[in-house]
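Subject: Structure handover

Dear colleague,

I am passing on the structure that we spoke about, and you will find it just below. After it I have set out what was found, going from the chain as a whole to a single residue.

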Amino acid sequence: MNTTSVVTLLSRVSQVKPSNKEGAIALYFHYLLQQIEELECTKVHDTDVSSPTAPIPDSWNSSSSCYSFQYTKDSKHYYVRILPMDDSFTVIFSEKGSKQRKQFQRDMQDYFPEEKSVEELLQNAEPWKLLGEEFLEFLHEKEDKEASKKERKDEDFSSLRDYSHPHAEPHRGPAYPFAPGYSGEHPGMEVGPNNPIFGDDPLRIDQPRRPGFPGRSPNARFDPYGPFPGPNAGPNPDHMGFPYDSRFM
């Protein structure tokens with residue numbers, strides 16, 4: 001936001017002549033949504049707004065504990081509630097049909113530490129500019145996160161996992177001579193001692209050593225699991241029967 005835009009917003013607030021600081025803040029957010037975000041106000045509390053250029057209805061401050069507005073843009077409808085509480089305020093922003101609500105909460109003393117009249121507060125554009133910038137950042141926080149997530153997803157890809165990515169190079173088979181030729185998969189998917197990570201296991205007696213590759217730990221060992229080759233190969237059920245007394249339990 002530039003200072004000129006803030007001054008214009010404050011001028012519109014002054015024309016309505018709010019009686020307190022809370023009302024001035026509510027009007028400031030209302031005109032900010034209209035002027036900066038280009039939202040069209042359709043209702044203030046329970047009063048319909050006939051047109052975007054119509055003056056704000058007198059009912060805008062019918063309740064000093066809650067300032068309620070409804071807006072529309074691009075066939076979407078939004079609800080805004082501004083709730084003053086002691087020296088702070090909370091703006092609740094939600095979209096019709098959505099279960100998610102966004103809350104913007106600030107302490108008024110952080111922006112207006114001195115006790116001044118409403119007319120004097122509206123003369124200083126700097127705290128209003130800061131407040132407006134923080135509110136706009138709050139409104140677009142989700143969009144920025146989604147855009148950042150999409151950008152990270154585009155950058156962080158592997159041709160071994162994401163074959164549909166336009167920049168992914170096609171897999172041309174394993175580069176390790178002793179690795180099984182699984183189609184489209186990394187040889188590291190092999191389960192057991194034939195995984196190339198165990199290529200230089202010092203316990204691989206009478207077996208060919210495999211060449212190293214980046215990321216492999218030196219002398220990685222494979223701990224074997226049964227059944228083992230030999231006379232005990234295959235399933236080995238318990239050869240002892242149940243105790244005699246257990247048959248009648």
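A strand, as the word is used here, is a DSSP run of type E of at least two residues, and strands are numbered from the N terminus. In that sense S94 lies in strand β5, and I return to this residue at the end. Please keep in mind throughout that this is a predicted model.

The chain as a whole

The protein chain has five helices and six strands, and along the sequence they follow the pattern α-α-β-β-β-β-β-β-α-α-α. Of its 249 residues, 33% count as buried. Among the contacts with a separation of 6 or more, 40% are between residues 24 or more positions apart.

Helix α1, which covers residues 3–16, packs with helix α2, residues 21–35, at an angle of about 125°, and their axes are 9 Å apart. That angle makes α1 oblique to α2, and the crossing in which α1 passes α2 is right-handed. On the α1 side the contact is formed by S5, V6, T8, L9, L10, R12, V13 and V16, which meet A24, L27, Y28, Y31, L32, Q34 and Q35 in α2. The residues of this contact divide into ten nonpolar, four polar and one charged.

The sheet and the helices on it

The six strands form an open sheet with antiparallel pairing, in the order β2-β1-β3-β4-β5-β6. Strands β2 (47–48) and β6 (101–107) stand at the edges with a single partner strand each, so one side of each is left without a neighbour in the sheet. Strand β5, residues 88–95, runs antiparallel to β6 and is joined to it by seven bridges; within this pair, T90 stands opposite Q105 in β6. Helix α2 packs on the sheet, where it touches β1 (40–44), β3 (67–73), β4 (76–85), β5 and β6, and its direction makes about 5° with that of β3. Helix α4, residues 125–139, also packs on the sheet, touching β5 and β6, with a direction that makes about 160° with that of β6.

Back to S94

Leaving aside neighbours within four places in sequence, S94 is in contact with H77, Y78, Y79, Q100 and R101.

Notes. Residues are numbered from 1 along each chain as its sequence is written. This is a predicted model: local features need pLDDT of at least 70, side-chain atom pairs count only at pLDDT 80 or more; totals for chains, interfaces and linings use all residues. Side-chain values use heavy atoms; hydrogens and water are left out. Axes are lines fitted to C-alpha atoms, for helices over the stretch in contact, and angles run from 0 to 180 degrees between N-to-C directions. Helices (H or I, at least four residues) and strands (E, at least two) are DSSP runs, numbered from the N terminus. Angles under 35 degrees count as roughly parallel, over 145 as roughly antiparallel, 65 to 115 as roughly perpendicular and the rest as oblique. A crossing is left-handed if the near helix is turned anticlockwise from the far one by less than a right angle, and right-handed if clockwise. Contact means heavy atoms within 4.5 Å. Ala, Val, Leu, Ile, Met, Phe, Trp, Tyr, Cys and Pro count as nonpolar, Asp, Glu, Lys and Arg as charged, and the others, Gly among them, as polar. Two strands pair if DSSP finds at least two bridges between them. Buried means under 20% relative accessible area, exposed over 50%, partly exposed in between (1.4 Å probe, protein chains only).
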